[in-house]
Structure formats: structure tokens, C-alpha cells
Amino acid sequence: MTVESGSLSREPYWWDAAPREAPNAIALPKRCDVAIIGGGYAGLSAAMTLARAGRSVVVLEAGAPGQGASSRSGGMIGHGHRLSYTALIDRFGAEKAKDLVREGMASLSFATALIAEEKIDAGLQLSGRLRGAWTEADFAAIARDAALLRRDLGMPIDVLGKSDVRRELAADCYQGGLLFQAHGGVHPALFQQGLARAAGAVISGYTPVTAVRREGSEFVVTTARGSVRADGVAATTNGYTGRATPALARRLVAIPSFLIATEPLGESRVRELIPNGRMIVETRDKHLYYRPSPDGTRIVLGGRAALHPIALDRAADWLLAELRAIFPSLAGVRASHVWTGNVAMTRSDLPGIGQRDGVWYALGCNGSGVALMPYLGHKLARKILKQPDGRTAFDDIPFTAIPFYTGTAWFRPLMTAWFRARDALRAR
């Protein structure tokens, strides 16, 4: 099976409605109060909070503002962490685990309120998110997790048996699942553009930062278009963190996620497959996630076609095969778009927020950034402003470097093989 190369766009489906900004000749100011490296959700949210507190802010983005993960994701919005609640309890104890989950819940409330208050036309649909259990053991584990989350935090979650899942999804592959009632989806690129309009800062696209150095009480941020002096610097580059901040790059592994959008299927056909418009995720290590497009006419599906860069045509073939395995009725359907974007993973599986070598940072979404990163950008700004409400439950989580790693993830092909093998063993 091969995709038809000529008919396949290799840019995100989301960019059809929210094209990326063309290069412009915006003048860089000589100095500012805070220079923010990275023009995605976290950077723009931090800029907005700082600007509204009276600070002069410059946001520096290597390409078009938001052209990284913020406009490339699946657009699912929830409270989630990569770690389950049970895993958080095992690692940190019951009280800290509650605090970490509460932080995630607060991020969802923050993001939805931000969209409403700023009147951002982000296509927000709080339609719920279904997590499908691939095996009976997976179902037992997530059902235990749900019982604890309901008991300890009052989280609105329904535990669904196999027949219940079948009413939510025209697929027979899941042994049960969880329905997170408060979750939903956005159009991620429109969300990013709305944040940019609301930020109130100078946003300089196509301005890659090449170095950050300290000179006395100031920082000098060197870019391909000149230098900016700033009292403070914040890095919000996430899965695109590079040589300009090498100490931070050693703490993040950029893992690509690959996505496709189907050709138009029509609203009625999409409703037949996903009757209630849920966002869908699952328990396998290939980490498939899929949803109706905001207009309800297509399915957008992503997953770990590989944990290292591969050709987009190859990724499209793999993702189409997975989509057809879930929905056999889509056997003849083609993809119209295929794209990829980087997810930033950390050793702790939790985000890092704070300051290192004088540079502030909010990094490491671990695949759950649509609500979390705008929230952490805001919290980071409150820290820069020396406000006590900048505190988060993530502050004392070690943001540690990866041994023998300098930012080049040579080991990613080995990770691909490992996760494929784990999925195969669990399926047996």
C-alpha cells in the first residue's frame, strides 16, 4: 500500500484554515524587559501575562510564529499527564500525586477560560475524550485509576465496558475504556493565532536565536537578524529546543509524532464512526489518537509511526493502515494531508518549570501540551514577576539532564523497536 504522492499535502491540515505568517521585516527593538524564545502556546501566554503587567516583551521564533507543535498537534485538550494517577502515587506519594493532578485540572480550566475571555475562535468542543483499552489487563488498570481519581479528586470519568465503547465508536478493537467528560478538542492553529493576537508583545518570526549570554545584569540574545538586550530571558521552545540553550536541550528528547487527515468523508459518515464527536486515545505504546475534524467532515489521526524522523509518505502509509484496522469500512479512504511535529519528553515524564543559569523555562509537555503549555507559560510569567501565585506542583520535580546526551537523540530508532516489541507482547 502506498499513498498517492501527488494528491497528498505535506503541511498540517490545520494550516488550511490558519496559514502560517509569511516572512516580514519587523524591526527588532534594541532592548526589552523580557525576551521569550519560542512563539508557541507557552511563549505567547507568558508574553500576554507579562505585557499586561506592563513589561516590554519580544517573542523570538525561528520560523513562522507557532509553526512548531502548537499548530501541528491533534488539538486535544484535557487535564492529562503522561503518567497515570496510580503511577504518580507510586512515585511521589498520595498527597503530591493529588497536587500534580490538580495542576493538570487547573490547566484545562485555564485554557478553556482563556479561549472564552479572549474570544478566540479556536473551535473549542468539550465533547469528551475516550481512552480505549487495548487489552483486558489495560482495562482493569485504567478502571482502577478512574476509581481513585473519582474518589480523591471528584474527576468526572465514566468507566465503559466493551459494549459501551461500541456505542461511542464503530470499532470492536477495545476491551473497554474511560470517558473523560470534561475533555475536548480545539483547532490548534487557530488557538495559536488567537493567542498571538492577544499577546500584546512584539512577535518576531523567522528570527532564530543563535546564542544567549549574560553581560552584567543583562542578557544579550543574539539572533540571525541582530541582537536584543533584555533584563530577563525565557525559553519556551519545547520539542524544538536547540543549541542556543544547550543546558536545557540536554534535558529534553524531541520525539516526532506523525499525523494524517483523511480526505473529506462527510458529516454523516464521520458521525457513524464517532457518533458523539469524542476525542479518542488508547493504551497501546504506538499511542494512536484520533478525532473528528472541527467541521466534522474528516478524521484526523496521529501516532508513533516511528520515534525518529522517517519519510512522510511512509508515515502516511503506516497511519492509514492503523486507521483502516480500527475502521475497516474506511478501506478505500485516502489521506489528504500528512505532517509531523516534535513532542518534548523529559526524564520525569512531567514538565519542567523554573530557572537555570539565569534563563527561565517552561518545557516538556510530554505529549499533553494544548492546555498545559498555555497554563505553564502564564505561571512562568508570574514567576518572572515575582508573584506567589506563580508556584506550581511541578516546581520541585527534578528537571535533570539525560546522561551522555547532548541534544542529539541517536537512540530514537532503538526506542521505536522497543515500543513495537512491547505492543506485540501485550497483544499476545
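Which residues does Glu 61 touch, not counting residues up to four places away in sequence? Select Glu 61 and display its surroundings: Gly 38, Gly 39, Gly 40, Gly 66, Ser 204, Gly 205, Tyr 206, Thr 207 and Pro 208, where contact means heavy atoms within 4.5 Å.

The model is predicted, so that local features need pLDDT of at least 70 and side-chain atom pairs count only at pLDDT 80 or more, whereas totals for chains, interfaces and linings use all residues. Residues are numbered from 1 along each chain as its sequence is written, and side-chain values use heavy atoms, with hydrogens and water left out.

**Stop 1: Glu 61**

Remain at Glu 61, which is placed in the loop between strand E2 (57-60) and strand E3 (76-77). Helices (H or I, at least four residues) and strands (E, at least two) are DSSP runs, numbered from the N terminus. Glu 61 is buried yet has no salt bridge. Buried means under 20% relative accessible area, exposed over 50%, and partly exposed in between (1.4 Å probe, protein chains only); a salt bridge is a side-chain nitrogen of Lys or Arg within 4 Å of a carboxyl oxygen of Asp or Glu. The nearest side chain of opposite charge belongs to Arg 20, 8.5 Å away; here Lys and Arg count as positive and Asp and Glu as negative, while His and the chain ends are not counted.

**Stop 2: Glu 168**

Select helix H5 (residues 162-168), where Glu 168 is found. Glu 168 has a relative accessible area of 9% and is therefore buried. Its side chain is joined to that of Arg 278 by a polar contact of 2.9 Å. A polar contact is a pair of N or O atoms within 3.5 Å; within protein, one must be able to donate a hydrogen and the other to accept it, and residues adjacent in sequence count only if both atoms are side-chain atoms. Outside the four places on either side in sequence, the residues touched by Glu 168 include Leu 130, Leu 160, Leu 179 and Leu 273.

**Stop 3**

Move to Asp 99 in helix H3 (residues 94-117). Then select Lys 96 and Asp 396, which form a salt bridge whose closest N and O atoms are 2.7 Å apart. Lys 96 lies in helix H3 and Asp 396 in the loop between helix H10 (369-384) and helix H11 (412-427), so the pair ties together parts that are 300 residues apart in sequence. Lys 96 counts as buried at 18% relative accessibility, whereas Asp 396 is exposed at 53%.

**Stop 4: further salt bridges**

Select Lys 286 and Glu 322, a salt bridge with its closest N and O atoms 3.0 Å apart. Both residues are buried. Finally, highlight Arg 31, Arg 213, Glu 215, Glu 218, Arg 229 and Asp 231, which are linked in a network of salt bridges. A search of the whole structure finds 22 salt bridges.

**Stop 5: the whole protein**

Zoom out to view eleven helices and 18 strands. Buried residues make up 59% of the 428 residues. The C-alpha atoms fill a box of roughly 65 × 55 × 45 Å along the principal axes.
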